[in-house]
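Trainee: I should like to learn how to read this structure. May we go through it feature by feature?

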Amino acid sequence: MTRRLRTVAGRRILGAMAMQGVASAAATERFRQRFASCDPCHFRRFQDVWASSIGLGTYLGDSDDATDAQYAQAIETALARGCNVIDTAINYRCQRSERTIGRTLQRLAHEQTITRDELLLCTKGGYLPFDQSVPADPARYLARTVIEPGLAQPDEIVAGCHCLAPSYLAHALRTSLANLRVSSVDVYYLHNPEQQLDEVPLTVLHERLRQAFELLERCATDGILRNYGIATWQGLRANPRATEYVALEPLVRLAESIAGPAHHFRAIQLPYNLAMPEAAAFTNQSVDGEPLTPLAAAERLGLSVAISASLLQQRLARLPAGLDRYLPGPCTDAQRALNLVRSTPGVCTALVGMKQRAHVEENLALAQQPPYTAQQVTQLFDRSLR
Ligand SMILES: NC(=O)c1ccc[n+]([C@@H]2O[C@H](COP(=O)([O-])OP(=O)(O)OC[C@H]3O[C@@H](n4cnc5c(N)ncnc54)[C@H](OP(=O)(O)O)[C@@H]3O)[C@@H](O)[C@H]2O)c1
């Protein structure tokens, strides 16, 4: 760790004792070798580095010290069990998730338990965050921290909480780097861009994304981020006729138009689980005129995929009776549900929110197990969609 100055969109940030670098092919290979007892399919290619098939998410939980302490322990346990993907967002738990990750990783790096380049550290910007706790007057707080300093114009803020303006995103990225105590992140996702479609037409969203992508390409060139992408909830799995629908191919073409074939728009995140099968089962995207599912389209477009809500926010930790016939194995319901997600062709990493150490142990035990076959996955959805 060294002391170094970096810039985001021309503004200097002091990376005081920030962990330097990003995931590298050599270091993630070293991490993979440390977990040689894992099933060979546990580590997959996320662009040119190795990523674990199970990643730690940090969305849920109260904004308090007790939950920070739980997440700190969960992160340490996950890294020790072969998980090298950590996912967060600036707004999660009022920035506490990012700050807890930063504190924990810095301690583990100091203790030489991990190195920064072994990990894929992913965060998101778009939702306006609170600071440590929800303020008494959220609207007043956001006006004071976003509008008054000139980070965004009022008409650039949607639903009172979401903004993709480059000046705001540059500030959000700087703040995330400081929270995470790193010089750069591996993936910077634009968070639920379809939220904008509540208030603006698709043409305006595309123009806002163009400006955001231009910023993010500059940040990639400056070494502030390795890749960027979009993390959606409804967008990528919606019906193409729905207002919130987001088509993937035009966004990749947009990135190509800005930075050419070596652009850095390389990742997507979307929910997928037993109750939300669209990523694998809904042909709602197309590439070069060919209808494809979101997962197949991502693969065709060279995008790596992380899955959110693998357990449907815990509701799939208890499965309906009878499903074990289709999801066999000596495992718990949560492990079956999670194994289905990580086994689906096209999925790199299944993110699971886990702040309880027991959940980390249970979920990462799957790293030792083989995934289901593609046929087992397909058969299940053939049945569930009939
Ligand atoms: N639009 C977006 O960008 C978006 C949306 C949602 C999520 N995400 C990302 O995806 C990650 C995963 O999604 P999520 O956290 O919303 O939902 P999830 O992973 O489907 O479920 C997390 C919940 O399941 C519980 N759990 C985990 N393992 C369990 C086990 N073995 N047995 C029983 N319960 C278990 C967790 O409890 P404990 O926490 O108490 O351990 C937590 O309450 C998020 O953390 C976030 O990083 C992104």
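**Reading the model**

Mentor: Helix 5 (residues 166-180) lies across strand 7 and strand 10 (185-191), and runs at about 140 degrees to strand 7. Helices (H or I, at least four residues) and strands (E, at least two) are DSSP runs, numbered from the N terminus. Axes are lines fitted to C-alpha atoms, for helices over the stretch in contact, and angles run from 0 to 180 degrees between N-to-C directions. Two residues are in contact if their C-beta atoms, placed from the backbone, lie within 7 Å.

Trainee: What kind of model is this, and how are its residues numbered?

Mentor: This is a predicted model, in which local features need pLDDT of at least 70, side-chain atom pairs count only at pLDDT 80 or more, and totals for chains, interfaces and linings use all residues. Residues are numbered from 1 along each chain as its sequence is written.

Trainee: What is the mean pLDDT of the protein?

Mentor: pLDDT is the predictor's confidence in each residue, from 0 to 100. The mean for the protein is 94, and 95% of its residues reach 70 or more. Over residues 1-6, however, the pLDDT is below 50, and this stretch has 17 contacts in the model beyond near neighbours in sequence. Where pLDDT is low, the predicted coordinates should not be read in detail.

Trainee: Which strands form the closed barrel?

Mentor: Two strands pair if DSSP finds at least two bridges between them. Here 8 strands form a closed barrel in the order 5-6-7-10-11-12-15-16, with parallel pairing. Neighbouring strands of this sheet are turned by 30 degrees against each other on average, direction ignored.

Trainee: How many bridges join strand 6 to strand 7?

Mentor: Strand 6 (residues 85-87) and strand 7 (residues 120-125) run parallel and are joined by 3 bridges. Val85 has Leu120 as its bridge partner in strand 7, while Asp87 stands opposite Cys122.
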